[in-house]
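Please read it alongside the sequence and the coordinates.

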Amino acid sequence: MSSKVTNRIALSVIILCAAVMAGILVSLLSYILFKGVTNISWQFLTTSASPFLAGGGIKDQLWNSFYVLIITMILTIPIGVSGGIYLAEYAKPGRLTSFIRTCVEVLASLPSIVVGMFGMLIFVNYFGFRFSVISGALALTVFNLPVIVRVTEDGFRALSLHQKEGGLALGLTHWHTIKTILLPAAFPSILTGIILSAGRVFGESAALLFTAGLSTPDLNFSNWNPISPNSPLNLFRSAETLSVHIWAVNTGGIMPDVSRIANGSAAVLVVCVLLFNLFARALGKMINQKFSGK
Amino acid sequence: MKISKIATADPASRLDNNAKLINEKGLLWRLTDRASETRGKMFIYSSALLMIVAVIAITLFLMIQGLRAFVVDHLNFWTFITGTQWYPDRTVNPSYGAFPFIFGSMAVTFLAALIATPIAIGTAIFMAELAKKWGTKVMQPVIEILVGIPSVVYGLIGLSIIVPFMRQHFGGSGFNLLAGAIVVGIMILPTVASIAADSIRAVPDSLRQASYAIGATKWQTIWRVVIPAAGSSLVTAIVLGMSRAFGEALAVQMVIGNVTKLPGSIFDPSATLTTIITLSMGHSTMGSVLNDALWSLGFLLLLISYVFIVIIRFLSRRRNA
């Protein structure tokens, strides 16, 4: 076979691979959306799930997903951002720094179910939080920290050195420079990364299985007192999130409309994740335009 | 404290004291400012330390809990690892042989890598070599969206498309090892592709130009020059994908069939380390032998993910050297 023919064949195979990849995305999305969107109605989004009967909705699960996400972000962002600042600004090359880097790497590549088991051991049993919003959020914090650390470090490293030197030349202390000059300048790129990681946290299920639990008490959406047991804001009640719900319905659901609920929930989940993704993308573009001055 | 005492004791020199107070206040402000410097530094350093604490705590606690099965319940480590009989519920002589799960995890991981690697590397070459404009405009967003799709959704798709397909064409229930591997393979595709594309982009252009200059075709350049040059980073991409496949739990659990026997072929239902943990953890009481055995499996999972990390580190060190 002449090398030209081989070339042609090989390149066609490569293009085919890319087409397969794009095809997978298109068919996945269209399958989920076509199957699911017809099931989404206002009623589906605003009724509680029913364990036996048909016609259950996902109101509580949807709320739990967002609530766990928000608590996770409140816990993760300060710790993750300052961890990133440490690596970008304070860390001196040496054993300790490389050890911290290894730790971040390890945290990033742990299977999420291992994080869930750790959460069950520590937060659920040892601290006695039971299956609760707070246990779930703490486990997800472990899961999400390395992402935020990395995003922050990259954001700080992308800044030009002039900004830091300018601050220091004005006689500001290092911390003051970071707080008032570098952090605001790096903020947009950090925010983009945070939104992307929010999509990941929103869809996470294995880490929540053993920490946030598989059930939700009867939530009373007119009771916003965070201490009362059926309040949506209560941190110490169990909370089944949307992605856990999809899994639970498919493995042990006995209601007659399992596939309707699963497909509808999957569509809602995917739409939310897509929105996070699009939002982060639009933000990134806007910032890029602002900084390049076009 | 001292100032206030003076101020109340001697009202005649109040004006003087006021000036002193202001001066004192200025000092105070600077003091708090310095405190803010220390405070900020403290917070930053403690956050960094928290990463170390988290890793050590995870390893330590899982290890303590994972070794209980051998230390407290006196299971034999060797029969635990190599035994093929998993009958924890048997009242007479319950047996804990975890080999089917270890085998299942390995099989799913390797099959998934086998499915994902050609397509992912092909896509990476397409993005980085053939059509750079299309690559960044179309394929990059495609990959990013695919990475973002939650794993349960992949599991659901597997359950509603792949499992019925298997049932029709290969008989049985349709829940089998291959279905699990396909679902995970598709799941790790975008991860492998995007890292592979990065490593191909990192190959210096001079190599390509040299290859074209001696009359090589595009494919010859890719096959003989670019891929060997990107070598170990491509392997890193695949290993990273495998470590993700190894740790995936719910998506696999939904399609693999969850049978605790050793599978005879890839069309038999089976189980993996992660699936047995997700399934049995909820039903077992804390401190029972079954529960301890599950924690041991969890610890094993942690150890194997450490092995993956070490391999990845080794590969990237070789690349840097």
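**Notes on the predicted model**

1. UniProt, in an unreviewed entry, places the feature "domain: ABC transmembrane type-1" at residues 102-312 of chain B. In this model, which is predicted, that stretch of chain B is 80% helix and 0% strand, and its end C-alpha atoms are 21 Å apart.

2. The annotation "domain: ABC transmembrane type-1", again from an unreviewed UniProt entry, covers residues 62-280 of chain A. Here the span is 74% helix and 0% strand, with 21 Å between the end C-alpha atoms.

3. As for chain A as a whole, its secondary structure comes to eleven helices and zero strands, so that a reading along the sequence gives the pattern α-α-α-α-α-α-α-α-α-α-α. The C-alpha trace of chain A spans about 70 × 70 × 40 Å along its principal axes.

4. The unreviewed UniProt entry also carries the annotation "transmembrane region" for chain A, at residues 9-34, 66-87, 99-123, 129-149, 181-202 and 261-280. Two of these spans may be set against the model: residues 9-34 of chain A are 100% helix and 0% strand, with end C-alpha atoms 36 Å apart, while residues 181-202 of chain A are likewise 100% helix and 0% strand, with end C-alpha atoms 32 Å apart.

5. Turning to the interface between the chains, 68 residues of chain A are in contact with 64 residues of chain B. The element that gives the most to the chain A side is helix α1 (residues 3-37) of chain A, with 19 residues. By class, the side of chain A that touches chain B holds 47 nonpolar, 17 polar and four charged residues.

6. Within this topic, one helix pair deserves a separate point. The axes of α1(A) and helix α4 (residues 99-130) of chain B come within 8 Å and cross at roughly 105°, and α1(A) and α4(B) are therefore roughly perpendicular to each other. On the α1(A) side the contact is made by L11(A), V13(A), I14(A), I15(A), C17(A), A18(A), V20(A) and M21(A), and on the α4(B) side by P118(B), I119(B), G122(B), T123(B), I125(B), F126(B) and L130(B). Sorted by class, this contact has 13 nonpolar, two polar and no charged residues.

7. For chain B, the domain assignment gives domain 1 (2-71) and domain 2 (86-320). The contact between them takes seven residues from domain 1 of chain B and seven residues from domain 2 of chain B. On the side of domain 1 of chain B that touches domain 2 of chain B, the residues divide into three nonpolar, three polar and one charged.

8. How are α7 and α9 of chain B arranged relative to each other? Helix α7 (residues 177-201) of chain B and helix α9 (residues 218-247) of chain B pack at an angle of about 150°, with their axes 8 Å apart, which makes α7(B) roughly antiparallel to α9(B). The crossing in which α7(B) passes α9(B) is right-handed. From α7(B) the contact draws on V184(B), I188(B), T191(B), V192(B), I195(B), A196(B), S199(B) and I200(B), and from α9(B) on residues including V226(B), A230(B), S233(B), L234(B), T236(B), A237(B) and R244(B). By class, the contact of α7(B) with α9(B) has 13 nonpolar, five polar and one charged residues.

Key
Residues numbered from 1 in each chain as written. Chains lettered and ligands numbered in written order. Predicted model: local features only at pLDDT ≥ 70, side-chain atom pairs only at ≥ 80, totals over all residues. UniProt positions renumbered as here; feature names shortened; annotations may be inferred. Helix = DSSP H or I, 4+ residues; strand = E, 2+ residues; numbered from the N terminus. Contact = placed C-beta atoms within 7 Å. Nonpolar A, V, L, I, M, F, W, Y, C, P; charged D, E, K, R; others polar. Axes fitted to C-alpha atoms, helices over the stretch in contact; angles between N-to-C directions. Parallel < 35°, antiparallel > 145°, perpendicular 65-115°, else oblique. Domains from an automatic or database assignment. Left-handed = near helix turned anticlockwise from the far one by under 90°.
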